[in-house]
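Reader: I would like a close look at one part of this model, followed by a connected account of its surroundings. Please keep the cut-offs beside the terms as they come up.

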Amino acid sequence: WEYLKSAIDRMDSAASFLRTLAVNAAFLLTFAVVLPLIAIELVQSRAIIEPISVPGDIATLGLTSDVAANRLWDGLADAAQSARTDKRQLAVLPSSRRIQFEFPDAGLSFDSLIHHVRRFLGLTDTRIGGEFVCESAPCSRETMRLRIRIVTGQTVAIDLPPVGAQSDRAYFKTAALAVLGELDPFVAAAAQIDSAPDLAMTRLRRIVASGHPDAEWAQNLIGLAAMKQTKTAEALRAFDAALAIDSNHLPALVNKSLLLSQTGDAAGAEKTASLAAAIAPRDWRPWMARAEAAFAKGDSQAALSYLDQAAAADPSSPWPLVRKGLATMDGPLAEAAFRAALDRDPDTVEAHVGLAALAARKQDYAQAVAVYRNIVRLQPDDPKAHTAAAGFHVLAGQRTEAIAEYRRALELAPQDGIVMHRLAQLLRDAGELAEAEALLLQAVAQVPAALFDLGGTLQRAGQSARARDAYVQFLAKEPDSPYRPIAEAQLKRLSN
């Protein structure tokens with residue numbers, strides 16, 4: 001019995017030791033997991049979108065406080081997508097989507113622990129809130145406007161204009177850009193560099209002048225904007241300024257290399273691209289820069305090899321394959337390259353455009369129209385996409401569809417004289433003479449050649465005197481037009 005009792009005691013002691021060891025190991029493991037999370041939460045810049053107050057009449061339509069906060073979050077995502085930047089951005093999350101983790105039976109949450117530690121260290125969370133204000137009674141969606149409050153160390157209030165006829169998505173993207181203008185001005189500028197270039201450039205120059213931490217990113221974007229406008233010297237100065245701030249700034253190195261390739265400095269482009277490759281050997285962009293340098297040197301084989309290496313470096317990026325397709329438009333590799341790019345990202349517009357161009361070269365206009373349906377789906381608010389689609393419909397003999405696309409393009413760009421002219425030509429051929437005349441009268445200010453079609457339209461409508469005047473103006477303004485002999489013949493016929 002004594003022996004059995006002693007064995008049981010030893011087993012209890014061993015079990016107690018194992019329990020203690022397991023508890024301590026679990027505590028250490030938990031500490032090892034939680035400590036990095038705490039450290040990340042402490043150093044990470046973050047912003048919380050709080051519920052946005054909404055008038056009761058509007059809330060009954062579905063736009064509640066939490067929904068408005070989520071819409072603003074969506075707007076920030078749209079702005080980030082428009083910015084197309086690799087720069088680390090501010091982490092933003094609506095308060096309704098935060099996961100609250102509480103320690104069991106402790107009455108303490110992980111979030112509150114982080115909050116109090118950040119306050120103790122003097123680190124403040126950014127809070128984004130506000131309310132919709134009605135301009136007049138009764139309150140309506142069109143007349144209400146958003147007032148945003150951003151609370152960091154201080155409070156900033158931003159008043160937006162009324163919603164008006166804007167879609168919810170467009171309005172909340174505008175609101176998001178206003179928020180980013182305060183919290184991350186570089187991302188706001190990058191998102192508006194195409195839609196509002198003057199405002200974007202003002203923000204970028206302000207970032208540079210103030211010595212902002214994003215100054216090298218701003219200089220790089222200034223260089224890109226100048227590069228698009230073929231201002232080579234200005235672009236080169238901006239890229240060099242970015243590299244003077246950070247000699248390892250990869251986007252500036254890659255863009256400088258691309259610029260040097262465009263100017264014909266193949267040696268300088270290859271040297272700069274090699275520096276970029278040394279910094280990021282597994283990044284696809286330096287390989288793209290080396291490919292462009294090889295193209296500038298006239299070595300197409302080496303360039304295509306570099307594009308293959310760029311495609312292998314990032315199996316998710318379609319851009320090396322798009323560039324390969326563009327470089328081989330005269331050969332059999334182009335279609336395969338464009339389709340491989342679409343396998344990686346079906347929404348790559350440039351690959352669809354390449355396939356449409358290949359179809360047009362083969363005079364397969366029905367295929368080109370089918371491809372452009374995808375482009376219009378991806379860019380429903382781009383008037384150029386609708387204009388190009390209309391042109392392929394014309395070539396495919398689909399006048400009704402072409403008229404519809406031109407109408408949509410004109411809705412998006414109501415002052416585009418070229419679209420007015422082309423739509424008027426189709427309407428005239430369809431017998432819609434009154435509408436064709438109205439469009440041509442607007443178009444002639446931008447497209448003097450439209451006077452020729454105006455003369456023909458008036459002639460078909462039986463308005464001989466006005467048709468003569470249109471032909472006379474056409475001959476005066478377009479003396480070298482290939483249609484001059486036809487206009488002279490019609491003018492002589494009308495005079496007789």
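Which residues form a disulfide, and how many Å apart are their sulfur atoms?

Author: This is a predicted model, in which local features need pLDDT of at least 70 and side-chain atom pairs count only at pLDDT 80 or more, while totals for chains, interfaces and linings use all residues. Residues are numbered from 1 along each chain as its sequence is written, and side-chain values use heavy atoms, with hydrogens and water left out.

The disulfide is formed by Cys 134 and Cys 139, whose sulfur atoms lie 1.7 Å apart; the term stands for a pair of cysteine sulfur atoms within 2.5 Å. The structure holds 1 disulfide, and the link of Cys 134 and Cys 139 is left-handed, with -60 degrees about the S-S bond. In general, a disulfide is a covalent bond between the sulfur atoms of two cysteines. As for accessibility, Cys 134 counts as partly exposed because its relative accessibility is 27%, whereas Cys 139, with a relative accessible area of 17%, is buried. Here buried means under 20% relative accessible area, exposed means over 50%, and partly exposed lies in between, with a 1.4 Å probe and protein chains only.

Leu 204 is in contact (heavy atoms within 4.5 Å) with Phe 186, Ala 189, Ile 193, Ala 218, Leu 221 and Ile 222, leaving aside its neighbours within four places in sequence.

Several loops between helices complete the picture. Thr 348, in the loop between helix 15 (333–344) and helix 16, counts as buried because its relative accessibility is 2%. Beyond its neighbours within four places in sequence, Thr 348 is in contact with Pro 318, Trp 319, Val 322, Ala 341 and Leu 342. Gln 363 belongs to the loop between helix 16 (349–361) and helix 17; its phi is near 60 degrees, a positive value in a residue other than glycine, and at 60% relative accessibility Gln 363 counts as exposed. Thr 230, in the loop between helix 8 (215–228) and helix 9 (232–245), likewise has a positive phi, near 55 degrees, in a residue other than glycine, and Thr 230 counts as exposed because its relative accessibility is 66%.

Pro 380 lies in the loop between helix 17 (365–378) and helix 18 (383–395) and, with a relative accessible area of 41%, is partly exposed. Not counting residues up to four places away in sequence, Pro 380 touches His 386, Arg 408 and Leu 412.

Key: Helix = DSSP H or I, 4+ residues; strand = E, 2+ residues; numbered from the N terminus.
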